[in-house]
Amino acid sequence: MPRTVLLAEDDRAIRHALERALTLEGYRVTAVADGTEALAQAHSGRPDVLVLDVMMPGIDGLQVCRELRAEGDPTPILMLTALVETADRIAGLDAGADDYVVKPFDVEEVFARLRALLRRTDRDETETASPGADPEREPDARYLEAAGLRMDPRARRAWRDGRELELTRTEFELLELLVRNAGIVLDHSTIYDRIWGYDFGPGSKNLAVYVGYLRRKLDQPGAPQPIQTVRGVGYVLRED
C-alpha cells in the first residue's frame with residue numbers, strides 16, 4: 001500500500017510542485033492550502049506522515065503541530081520553513097515536529113527525510129508489537145543508564161537524576177544513541193545515518209540544532225553538561 005502524505009502549503013506553486021513530485025515518488029498525497037484544512041484532514045484521514053509549511057494564514061504549521069501533539073497524535077511531522085534562525089527551528093521542535101527542511105529545498109532532501117521518518121515509525125511499531133523480555137522477570141534489563149541519565153526505550157521515557165525529561169521523538173532517539181555509546185565519540189556522519197538514515201552533508205546544521213535543544217532540556221544547575229562536543233568530529237556522552 002502506498003504511504004499517505006498530508007501536505008499543507010499556502011504557496012500554490014510550491015504545493016502543486018511538491019504534490020506532483022511526491023505522487024511520482026509513489027506517495028498518495030492530500031494537499032491543502034492552510035492549517036484549518038490540515039487539521040480537518042489529519043482528524044479524518046489519519047495520514048502516515050504530515051508535511052507542514054510553518055508560515056500559513058490563519059492557523060499556521062506550528063499551531064497545527066501543537067494541537068495534534070496535545071491530542072496525543074504521534075504521526076511524524078516534517079516542517080517546511082523559510083526561517084533560518086536557530087530560534088525559529090527550535091520553535092518547530094518545541095511544537096512537536098520531528099524534522100524540518102529549510103526553503104528553498106531540494107525535493108530529494110524532502111524524500112530522504114520522509115523515508116527516514118517512516119522507517120523510524122515502522123521501527124517503533126515493531127518494537128511495540130514485540131516488546132521482548134518480560135519486565136517483571138528482568139526489571140533492570142529495560143533501562144539504559146549513563147552520566148546520571150536513565151532511559152526506558154520501550155516506554156520512550158527518560159530521566160536525569162530523577163527528573164523526567166520531555167523529549168520529542170528525535171531528541172529521544174539522539175539521546176538514546178549517545179547513552180548506548182557513552183564514552184565513545186560519534187562522528188556527524190554516524191549520527192546522521194543512525195538517527196535520520198541519511199547524511200545531509202557538512203553544511204547541514206540539523207544535528208547541531210537538535211543537540212543544542214537537547215542540551216537545554218538536560219541542563220541542571222551545578223551539574224556538568226553530559227553531551228560534549230569534539231570539535232571537527234562529533235559528540236560524546238561523558239560522565240564529567
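In the predicted model, Arg 150 is placed over the face of Tyr 143, with a distance of 3.7 Å to the ring centre. A pair of aromatic rings is described by the distance of the centres and the angle of the planes. The count of aromatic pairs comes to one.

The sheet is open and consists of five parallel strands in the order 2-1-3-4-5. Four bridges connect strand 4 (residues 77-81) with strand 5 in the parallel sense. Leu 78 has Asp 99 of strand 5 as its bridge partner. Helix 1 (residues 12-24) packs on the sheet, where it touches strand 1 (4-8), strand 2, strand 3 (49-53) and strand 4. The direction of helix 1 makes about 170 degrees with that of strand 2.

The loop between strand 1 and helix 1 contains Glu 9. This residue has a relative accessibility of 1% and therefore counts as buried, the cut-off being under 20%. The side chain of Glu 9 forms a polar contact of 2.9 Å with the side chain of Lys 103. When neighbours within four places in sequence are left aside, the contacts of Glu 9 are Ile 14, Arg 15, Val 32, Ala 33, Asp 53, Met 56, Leu 80 and Lys 103.

Terms used
Residues are numbered from 1 along each chain as its sequence is written. This is a predicted model: local features need pLDDT of at least 70, side-chain atom pairs count only at pLDDT 80 or more; totals for chains, interfaces and linings use all residues. Side-chain values use heavy atoms; hydrogens and water are left out. Two strands pair if DSSP finds at least two bridges between them. Helices (H or I, at least four residues) and strands (E, at least two) are DSSP runs, numbered from the N terminus. Contact means heavy atoms within 4.5 Å. Axes are lines fitted to C-alpha atoms, for helices over the stretch in contact, and angles run from 0 to 180 degrees between N-to-C directions. Rings of Phe, Tyr and Trp (its six-membered ring) pair if their centres lie within 6.5 Å; planes under 30 degrees apart count as stacked, over 60 as edge-to-face and the rest as tilted. A charge sits over a ring if NZ of Lys or CZ of Arg is within 6 Å of the ring centre and within 35 degrees of the ring normal. Buried means under 20% relative accessible area, exposed over 50%, partly exposed in between (1.4 Å probe, protein chains only). A polar contact is a pair of N or O atoms within 3.5 Å; within protein, one must be able to donate a hydrogen and the other to accept it, and residues adjacent in sequence count only if both atoms are side-chain atoms.
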